[in-house]
Amino acid sequence: MSAAFLLLSTFLASAVEMVEALTIVLAVGITRGWRSALIGVGCAVVALAVVVALLGPALTRVPLNDLRIVIGVLLLIFGLQWLRKAILRASGYKAQHDEDAIYQRELAEARTADTIVRASVDWYAFTLSFKGVFLEGLEVAFIVLTFGSAQGSVPLAAVGAAAAILVVALAGMLVHAPLSRVPENTMKFVVGVMLTTFGTFWSAEGAGVNWPGSDAAIFGVLAFVALTSLASVAVLRQQRTRFAVAELEL
C-alpha cells in the first residue's frame with residue numbers, strides 16, 4: 001500500500017513541477033531558438049544529477065527514525081504550503097494557476113529581451129531554460145530523495161518521478177504547446193494532501209508513535225487531511241459569498 005502511495009505521490013508532484021518547467025522551455029525555444037534552450041536544459045539535468053549524487057548517499061547514513069522526523073517536518077512545511085495555496089485557489093481567494101497566461105508572458109519577455117550570444121549560444125535562452133529546469137528539478141529531486149529515503153526505496157520514488165518527466169516531455173513534444181488542459185490546480189491540491197499526509201505519518205513514526213495498522217494508517221491520515229481541506233474550502237467559499245452579498249447590499 002505504502003509503495004503505491006509513494007509511486008503515485010512522486011509521479012503527481014513531479015508532473016506538476018515539470019509542467020511548469022515545460023512552459024518556460026517551450027516559450028524560450030519557440031521565440032529564441034531550440035538549440036540554446038535545449039543546451040540549457042541539458043546543463044540543468046547534469047547539474048541536478050550532481051546534486052542528487054552528492055545528497056543521496058549522505059541521507060543513507062542518517063538513522064532511519066531521525067531521518068523520518070527531519071523529512072516528515074520538511075514535508076509538512078512543504079505540503080502545507082501547497083495545500084494552503086490550493087485551498088485558497090479552490091475557494092476563490094487566490095487566482096487559479098494559468099499556464100496559458102504564464103506562457104504568453106514568457107513569450108512576450110523572450111521576444112523583447114536583448115540578444116547576447118556567447119560561444120554561439122543565446123545567453124538569454126540558455127539561462128532561462130537552465131533556471132526553469134534546474135529550480136523545478138530541484139523540487140523533484142527533493143521529493144524523490146525525501147520520499148524514497150524515508151520509505152527506504154529511493155529507486156521506486158525515482159521511477160515515479162522519471163515516469164512523470166517522460167509523460168510531460170512526450171506530451172509537450174506532441175502538442176508543442178503548454179499543457180493548459182492538465183488540471184494542475186487539482187493536482188496541486190492532491191499533492192498537497194499527500195505531502196501533508198506523509199509528513200504527518202513519518203514525523204510521528206520517527207518520534208516513536210506506533211500507528212494502528214502500521215502502514216495502513218496512512219489511509220486514515222489521508223482521509224483526515226483531505227476531509228479537513230475540503231471542509232476548509234467549503235467554509236471559505238461560504239464566507240466569500242457572504243462578503244460579496246454584504247458588499248452588494250451596501
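Helices (H or I, at least four residues) and strands (E, at least two) are DSSP runs, numbered from the N terminus. This is a predicted model, in which local features need pLDDT of at least 70 and side-chain atom pairs count only at pLDDT 80 or more, while totals for chains, interfaces and linings use all residues. Residues are numbered from 1 along each chain as its sequence is written, and side-chain values use heavy atoms, with hydrogens and water left out.

**View 1. Overall fold of the protein, with 8 helices and 2 strands.** Along the sequence, these elements follow the order α-α-α-α-β-β-α-α-α-α. Of the 250 residues, 43% are buried (under 20% relative accessible area; exposed means over 50%, and partly exposed lies in between, with a 1.4 Å probe and protein chains only). The accessible surface is about 12900 Å², and carbon and sulfur atoms account for 69% of this area (Shrake-Rupley method, 1.4 Å probe; for residues, only the protein chains shown count as cover). Among contacts (heavy atoms within 4.5 Å) between residues at least 6 apart in sequence, 85% join residues at least 24 apart.

View 2. A polar atom of the Ser203 side chain lies 2.6 Å from the backbone oxygen of Gly199. Beyond its neighbours within four places in sequence, Ser203 is in contact with Arg68, Ile69, Gly72, Val73 and Leu76.

**View 3. The largest nonpolar core, a set of 42 residues.** Such a core consists of buried Ala, Val, Leu, Ile, Met, Phe, Trp, Tyr and Cys residues joined through side-chain atoms within 4.5 Å. Leu75, Phe147, Phe198 and Trp202 have the most contacts inside the largest core. At least two residues of this core come from each of helix 1 (2-32), helix 3 (64-91), helix 5 (123-151), helix 6 (154-175), helix 7 and helix 8 (217-249). Helix 1 supplies the largest share, 11 residues. A second, separate core has 6 residues, among them Val41, Ala44, Leu48 and Phe134.

**View 4. A nonpolar surface patch formed by Val46, Val50, Leu54 and Leu55.** The patch covers about 390 Å². Patches are made of residues with over 30% relative accessible area and no salt bridge, with like charges joined within 9 Å and nonpolar side chains (Val, Leu, Ile, Met, Phe, Trp, Tyr) within 5 Å; a salt bridge is a side-chain nitrogen of Lys or Arg within 4 Å of a carboxyl oxygen of Asp or Glu. Leu54 belongs to helix 2 (residues 34-60), and Leu54 counts as exposed because its relative accessibility is 62%.

Technical notes:
Polar contact = N/O pair within 3.5 Å; in protein donor to acceptor, adjacent residues only side chain to side chain.
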